[in-house]
Amino acid sequence: MKDFSSFKDSAHYPVMLKEVMKVCSPEKGGLFLDCTFGCGGYSNAILSFPKTRVIAIDRDSQTKKYAIQTEKNFKNRFTFHNIKFSELNKSIGENTKLDYIIFDLGLSSLQILDLKRGFSFNSKNKLDMGMGINSLTAHQVINSFDLKTLTNILRFFGEEEASYKIAKNIIKKRNTGQIKLTTDLVNIIKSSKKKNFKKKINISTKTFQALRIFVNKEISELIEGLIKASKFLKSGGKIVVVSFHSIEDKIVKFFFTNFSNNKPKLSRYFPETKVEKTLFKNYSNKIIRPTRKEIEINNASRSAKLRFAVRNKEEFFYPKNLKDRFSYYLELENSHV
Ligand SMILES: C[S@@+](CC[C@H](N)C(=O)[O-])C[C@H]1O[C@@H](n2cnc3c(N)ncnc32)[C@H](O)[C@@H]1O
């Protein structure tokens, strides 16, 4: 096995790099789509094998500088597009089929550590939270959304138990002036929740996660991205997803399980007669987790889950049921444009 340790010195520590490489076997070559280029950890590792070609996308324009470097290092084998998952078709020719499509979800260290972007509750900056190509900022959400929508955002996307109380205190505070900074929001959260010393996560984590998901329409993006990816995947090609929170994992698991040849006979979610067609070979429901050593080196990897599915020979069809199943998230994300 190749030593990938040098890729860990990049601006973002690529989570589960070894495991992703094992699933993708870049030593055999092939055409890859890296849907989350970030600082290029995965793309560069793949391209270090000579018979590979990589198309990469990322919604964050700040990643372009890393892409330019990768382009220089791997001439004619790498292209980059500053677009979102939902537009991934724009990076591929209509008849092109890919061997591997990879999603490494969430934020890069580059984004979290840039305090101006307001992702971190340790920053004292403007509430923004956009990953790139956004139509909304967290500031707009916090300062203009009604009580019910704010409560639902925090409840559904953050699984925050104090969602109503926090939303109510947001409205109360903004009646006295705009809520501008991340610190203002942190203070509202602190005044709305009792500190639970048994809980390991920060008191603000769930609210910040919820706002980030909403502002970036992460659920709509993931669902549309998975669907488009399966359209461009070769028969025998793999779709690989590293996810970090339970909503993402629930969606990936549902997609791979219910559209595979061994899909459950009696689905809880829709009558079998409605889903005759499939997209994937038998799905084993196997989850690959980071090693203890990786978690020690990079604590951010602790919640990572890697799943992959193999495309079968069936012709592509639009798996509408995936959207139907998660319609409550999609409706919430798309209720305010
Ligand atoms: C965890 S980082 C990926 C890190 C990368 N694997 C590496 O090794 O450097 C996730 C990246 O995906 C991008 N991203 C998240 N959602 C996206 C979307 N819907 N469309 C395109 N890029 C997205 C983010 O901007 C971020 O740069």
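Me: Thanks! Into which domains is the protein divided?
Reply: There are domain 1 (5-104 + 218-333) and domain 2 (117-215). Those bounds come from an automatic or database domain assignment. Two notes before we go on: this is a predicted model, where local features need pLDDT of at least 70 and side-chain atom pairs count only at pLDDT 80 or more, while totals for chains, interfaces and linings use all residues. Residues are numbered from 1 along each chain as its sequence is written.

Me: How many residues does each domain bring to the contact?
Reply: Domain 1 brings 11 residues and domain 2 brings nine residues. Being in contact here means that the C-beta atoms, placed from the backbone, lie within 7 Å. The centres of the two domains, taken over C-alpha atoms, are 29 Å apart.

Me: Which helix gives the most to the domain 1 side?
Reply: That's helix 14, with four residues. Helix 14 (327-333) and helix 10 each supply at least two residues there. Helices (H or I, at least four residues) and strands (E, at least two) are DSSP runs, numbered from the N terminus.

Me: OK, new topic: what's the strand order in the open sheet?
Reply: Its six strands go 3-2-1-4-5-6, with mixed pairing. At the edges sit strand 3 (78-81) and strand 6 (305-310), each pairing on one side only. Two strands pair if DSSP finds at least two bridges between them.

Me: And strand 5, does it run parallel or antiparallel to strand 6?
Reply: Strand 5 (residues 233-243) pairs with strand 6 in the antiparallel sense, over six bridges. With strand 4 it runs parallel, and six bridges join those two.

Me: Which helices lie across strand 5?
Reply: Helix 1 (residues 17-24) lies across strand 4 (98-104), strand 5 and strand 6, at about 170° to strand 5. Helix 10 (residues 218-232) lies across strand 4 and strand 5, at about 155° to strand 5. For those angles, axes are lines fitted to C-alpha atoms, for helices over the stretch in contact, and the angles run from 0 to 180 degrees between N-to-C directions.

Me: Why is strand 5 described as largely enclosed?
Reply: Because eight of its 11 residues are buried. Buried means 20 or more other C-beta atoms within 10 Å of a residue's own, exposed means 12 or fewer, and partly exposed is in between, with C-beta atoms placed from the backbone.

Me: What does Val240 touch?
Reply: Leaving out residues up to four places away in sequence, Val240 touches Val20, Val23, Cys24, Tyr100, Ile102, Leu306 and Phe308. Of these, Ile102 is its bridge partner, and Phe308 in strand 6 stands opposite Val240.

Me: Which residues touch the most other members of the largest nonpolar core?
Reply: Val20, Ile101, Ile102, Leu211, Val240 and Val242, out of 84 residues. Such a core is a set of buried Ala, Val, Leu, Ile, Met, Phe, Trp, Tyr and Cys residues joined through C-beta atoms within 7 Å. Helix 10 gives the largest share, seven residues.

Me: Last one: is Lys172 buried or exposed?
Reply: Lys172 counts as exposed, because it has 12 C-beta neighbours inside 10 Å. You'll find Lys172 in helix 7 (residues 163-174).

Definitions and conventions
Two residues are in contact if their C-beta atoms, placed from the backbone, lie within 7 Å.
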